[in-house]
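Me: I would like to go through the labels attached to this model and ask what each one rests on. Please set each value against its cut-off.

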Amino acid sequence: MKPPPVKYARAGDVQEAIALLTEHGSDAKVLAGGQSLIPLMNFRLARPSILIDINRVRELDYVREDNGTLAIGAMTRQRDVETSSVAAASVPLLPEVLRHVGHITNRNRGTVGGSLAHADPAAELPALVTGLGGELVVQGPNGVRTIPAEDFFMSTFTTALEPDEVLIGVRLPRLPGGTGVAVEELARRHGDFAIVAAMAAVHLAPDRSVDLVRLAVSGVDSVPVRLHAAEDALTGGRPSAEAIEAAAATVADAIHPADDVHAPASYRRDMAQLLVKRVAKAALERSETKS
Ligand code: FAD
């Protein structure tokens, strides 16, 4: 299918993109990698009156360390982050997670900002940013504001972005050296969106007790979910099978899966619990070999 007729404008910088969004109102859509927006238009599920192409906004294409955080520009291609040594050193969960996003061809075009602004509840990057307590940086006519991930993702395909705002970047806290990470997904085929995905980052203190745990799941709620209670259940003690069981037992209360054509809610709930156990165990084992 082909998209319906649509006007097109190319922004040279962020200010120009904001001016175009302000001029055209909520009928306008930012065009980033087009990997979600163009299929939606082809299926007539999105009908913007005008596309505002930000692919030439070079200032939004970067991966850099900044004051204890990893800063990524919204127009950075997913594949560039996946292969970035700076990203791998700061947040080793990122390349692990990105390998599960579609196919390499999608990641060559798809942007970090596009995935976050699109806010698909099954997507991996929103779950990673939520799980690590990241912040989204947005810019509009009134300037720049920073939004914690847990406030940015509001519901399915719905974020705290205003119609005249552009997502300009994301900041992730750097993970301490020796952090073990793991990602597990249930998907029907390689490259498909996950039915359920889980991810973990775990760090051990010098006395081998667990001093940092980050756990997140996607595909089991209208937004990505950080599993605070499960993190608390694992933090402070020595790694153990009992602690992992206790953490997994908190998962069902933290998520609100829905029935759909892919899986009933009860199955998603069971899978979330199982995958959380697996990623917690794998991340703990990897942190033990690294410390
Ligand atoms: P676009 O499609 O250009 O835009 C998406 C939406 O975000 C639009 O509404 C657009 O207006 C808005 N937007 C984009 N950038 C900004 C910005 N800077 N500021 C404000 N609004 C903005 N994703 C996964 O997470 N996991 C998968 O397994 C997966 N599998 C896929 C498989 C296939 C075959 C395909 C085609 C896509 C898949 N995707 C998957 C989606 C892919 O990750 C997309 O790249 C991503 O969701 C959107 O990024 P984009 O840069 O292409 O954004």
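Predicted model: local features only at pLDDT ≥ 70, side-chain atom pairs only at ≥ 80, totals over all residues.

Me: Why is the pair of glutamate 65 and arginine 174 called a salt bridge?

Reply: The rule asks for a side-chain nitrogen of Lys or Arg within 4 Å of a carboxyl oxygen of Asp or Glu. For glutamate 65 and arginine 174 the N to O distance is 3.0 Å, so the pair meets the rule. Glutamate 65 is in strand β4 (residues 63–66), while arginine 174 is in the loop between β10 (166–173) and β11 (180–186), so the bridge ties together parts 109 residues apart in sequence.

Me: How many salt bridges does the rule give?

Reply: The count is 12 salt bridges. Another of them joins glutamate 245 and lysine 277, with 3.4 Å from N to O. Glutamate 245 belongs to helix α11 (residues 241–248) and lysine 277 to helix α13 (residues 265–290), so this pair ties together parts 32 residues apart in sequence. Glutamate 245 is partly exposed at 45% relative accessibility, and lysine 277 is partly exposed at 27%.

Me: Which residues are linked with Arg79 in a network of salt bridges?

Reply: The network links Arg79, Glu82 and Arg107. Within it, the closest N and O atoms of glutamate 82 and arginine 79 are 2.9 Å apart, so this pair passes the 4 Å limit. Glutamate 82 and arginine 79 are three residues apart in helix α3 (residues 78–82), a separation of about one helical turn. In general, an α-helix has 3.6 residues a turn, so residues three or four places apart point the same way.

Me: Is glutamate 82 buried or exposed?

Reply: Glutamate 82 has a relative accessible area of 9%; the limit is 20%, so the residue counts as buried. Arginine 79, at 25% relative accessibility, is partly exposed.

Me: Why is helix α8 said to be largely enclosed by the rest of the structure?

Reply: Eight of the eight residues of α8 (residues 124–131) are buried, so the helix is largely enclosed by the rest of the structure. The buried residues are Glu124, Leu125, Pro126, Ala127, Leu128, Val129, Thr130 and Gly131. Just after α8, glycine 133 has a positive phi of about 70 degrees.

Me: What makes serine 84 buried, and which backbone nitrogen does its side chain reach?

Reply: Serine 84 has 12% relative accessibility, and the cut-off is 20%, so the label is buried. Serine 84 sits in the loop between α3 and α4 (85–90). Its side chain reaches the backbone nitrogen of alanine 87 at 3.0 Å.

Me: Where do the domains of the chain lie?

Reply: The domain assignment gives domain 1 (7–53), domain 2 (58–173) and domain 3 (180–290). The C-alpha centres of domain 1 and domain 2 are 18 Å apart. Their contact takes 13 residues from domain 1 and 17 residues from domain 2.

Me: What is the area buried between domain 1 and domain 2?

Reply: The area is about 1,200 Å², with 67% of it given by carbon and sulfur atoms. On the side of domain 1, Val14, Ile18 and Gln35 lose the most area to domain 2, together 41% of what that side buries. Across this interface the rule finds zero salt bridges, whereas two residue pairs are in polar contact. Helix α1 (residues 14–24) gives the most to the side of domain 1 that touches domain 2, with six residues. By class, that side has six nonpolar, six polar and one charged residues.

Me: Why remark on the phi angles of phenylalanine 157 and arginine 208?

Reply: Most residues other than glycine have a negative phi. Phenylalanine 157 is not a glycine, yet its phi is positive, about 55 degrees. Arginine 208 is not a glycine either, and its phi is positive at about 75 degrees. Phenylalanine 157 lies in the loop between β8 (153–155) and β9 (158–159), and arginine 208 in the loop between β12 (196–204) and β13 (210–218). Phenylalanine 157 is partly exposed at 46% relative accessible area, as is arginine 208 at 33%.

How values were computed
Residues numbered from 1 in each chain as written. Heavy atoms only, no water. Helix = DSSP H or I, 4+ residues; strand = E, 2+ residues; numbered from the N terminus. Buried < 20%, exposed > 50% of the residue type's maximum accessible area, 1.4 Å probe, protein only. Domains from an automatic or database assignment. Contact = heavy atoms within 4.5 Å. Buried area = accessible area lost by both parts, 1.4 Å probe. Polar contact = N/O pair within 3.5 Å; in protein donor to acceptor, adjacent residues only side chain to side chain. Nonpolar A, V, L, I, M, F, W, Y, C, P; charged D, E, K, R; others polar.
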